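Here is a short tour to read alongside the sequence and the 3D view. Keep both open and follow the residue numbers as you go.

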Amino acid sequence: MASGRKPARPLVFLGAPGAGKGTQARALAQHRGVPQIATGDMFRDHVARNTPLGQQAKAIVERGELVSDEIVSAMVAERIRQPDRAGGFILDGFPRTRTQAERLDEILAEAGFSSALAINLQVGYDNLIRRICGRRTCSVCGEIYNIFDRPPRVQGRCDRDGGELTARADDREEVVRKRLDTYEQQTKPLVEFYRQRGALLEVDGEQAPEELTRRLIPLVESAVGAGVERRA
Ligand code: AMP
C-alpha cells in the first residue's frame, strides 16, 4: 500500500439470490464511503456494451450458471488493484465458489489487505422468490426497488433520477430456480468456510431493508478488525 496506512478490512456479502446482497452492500458502501464491487453488475455491464467478455458471459448469466472462476477472479483482481481501493471495499456476489474464496485470499494478500469479513444474509425460500419477482433496478443509477416491499413513488421510475426501472433478464422463473440450485450447491458451503476461520457475521435478512441496514451498520463497524461470529 502506497500510503503506508493499513487498509480497511474488506467485506464480502454471502447469501442466496434475492437475499438483499446488492441492496445492503450498496447502503453499507455509501455509509462507509468505500466502493462496492458487484460482479453481477460488472457482467451485466459487459453484456450491455457487447464487449468480448460480455459475449462470452451472456449465455452463461442468462442460464443462471456461474461464469468460470478464472474469468471472474481476474476481473475482481483487476478492480482491487485500482488506487481508490486503499480505504477498503465491499464485494457483492464474489466469491461464489470455494476456488474463488481461495483465490480471493491470494488476491487480498498480494494487494496488502487483511482477509475478508463475510456477512451472510439469511432469507427463507418464499421471501427469496418474492424479492426476486418484485425486483426492479434503475437503468441509470442502479438503485434497487421492489414492487411489493419497496415500490418507487412513481410506477416504473426511479425516485432519485426518474430513470426507467427494469427487471433483470435472469429474474425469470425457470432461471431463478437454476440460480437457487447453483447457490445451494456451490456458494452455500462458503458460509462454513468463513465460519471456520471466525470471519462470519450471520444476519437475519428477513427484516425490512432499511431496518436491516440500520442494524447492520453498527454490527459491521464493531466487527471490522476483529475475529467475530455474531447474529443480528
Ligand atoms: P448477481 O447479480 O450477483 O446475482 O449475478 C448475476 C449472474 O452473474 C450470476 O447468476 C452469474 O451468472 C454471474 N456471476 C456473478 N458473480 C459471479 C461469480 N462470482 N462467479 C461466477 N459467476 C458470477
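**Helix 9**

The buried residues of helix 9 are Leu-212, Thr-213, Leu-216, Ile-217, Leu-219, Val-220 and Ala-223. Please keep in mind that this is a predicted model. Helix 9 covers residues 209-223, 15 residues in total. From first C-alpha to last, helix 9 reaches 20 Å, close to the 21 Å expected at 1.5 Å a residue.

Where does helix 9 bend? Look at Leu-216, where the bend is about 25 degrees. A proline, Pro-218, follows within four residues. Leu-216 is also one of the buried residues of helix 9.

**Strand 4 and its partners**

Strand 4 spans residues 117-122. Because 5 of its 6 residues are buried, strand 4 is largely enclosed by the rest of the structure. Strand 1 (residues 11-14) runs parallel to strand 4, and 4 bridges join them.

Strand 8 (residues 199-204) is mostly covered, with 5 of its 6 residues buried.

Elsewhere in the chain, 3 strands form an open sheet in the order 6-5-7, and their pairing is antiparallel. Why is one side of strand 6 and of strand 7 left without a neighbour in the sheet? Strand 6 (144-146) and strand 7 (165-166) stand at the edges, and each has a single partner strand, so one side of each has no neighbour there.

Strand 5 (residues 135-138) is joined to strand 6 by 3 bridges, and the two run antiparallel. Arg-136 is a handy place to start, as its bridge partner in strand 6 is Tyr-145.

**The second largest pocket**

About 260 Å³ of space lies in the second largest pocket. It is lined by 14 residues, and the closest to its centre are Ala-16, Val-123, Tyr-183, Glu-184 and Lys-188. Four elements are listed as giving two or more residues to the lining: strand 4, helix 6 (125-134), helix 7 (173-187) and helix 8 (189-196).

**Loop details worth a look**

Pro-35 sits in the loop between helix 1 (21-32) and strand 2 (36-38). Is Pro-35 buried or exposed? Its relative accessibility is 18%, and buried means under 20%, so Pro-35 counts as buried. Pro-35 and Leu-91 are 56 residues apart in sequence, yet their C-alpha atoms are 8.7 Å apart in space.

Another proline, Pro-95, is found in the loop between strand 3 (90-92) and helix 5 (98-110). A cis peptide bond joins Phe-94 to Pro-95, with omega at about 5 degrees. Asn-50 lies in the loop between helix 2 (39-49) and helix 3 (52-63). Although Asn-50 is not a glycine, its phi is positive, at about 55 degrees.

Note on methods
Residues are numbered from 1 along each chain as its sequence is written. This is a predicted model: local features need pLDDT of at least 70, side-chain atom pairs count only at pLDDT 80 or more; totals for chains, interfaces and linings use all residues. Side-chain values use heavy atoms; hydrogens and water are left out. The expected span of a helix is 1.5 Å times one less than its number of residues. The bend at a residue is the angle between axes fitted to the seven residues ending there and the seven starting there. Buried means under 20% relative accessible area, exposed over 50%, partly exposed in between (1.4 Å probe, protein chains only). On a 1 Å grid over the protein atoms alone, a cavity is a set of points where a 1.4 Å probe fits but cannot get out, and a pocket is an open set with protein on both sides within 12 Å along at least five of seven lines; lining residues have an atom within 4 Å of a point. Grid points are joined across faces, edges and corners, and a volume is the space filled by probe spheres set on the points. Two strands pair if DSSP finds at least two bridges between them.
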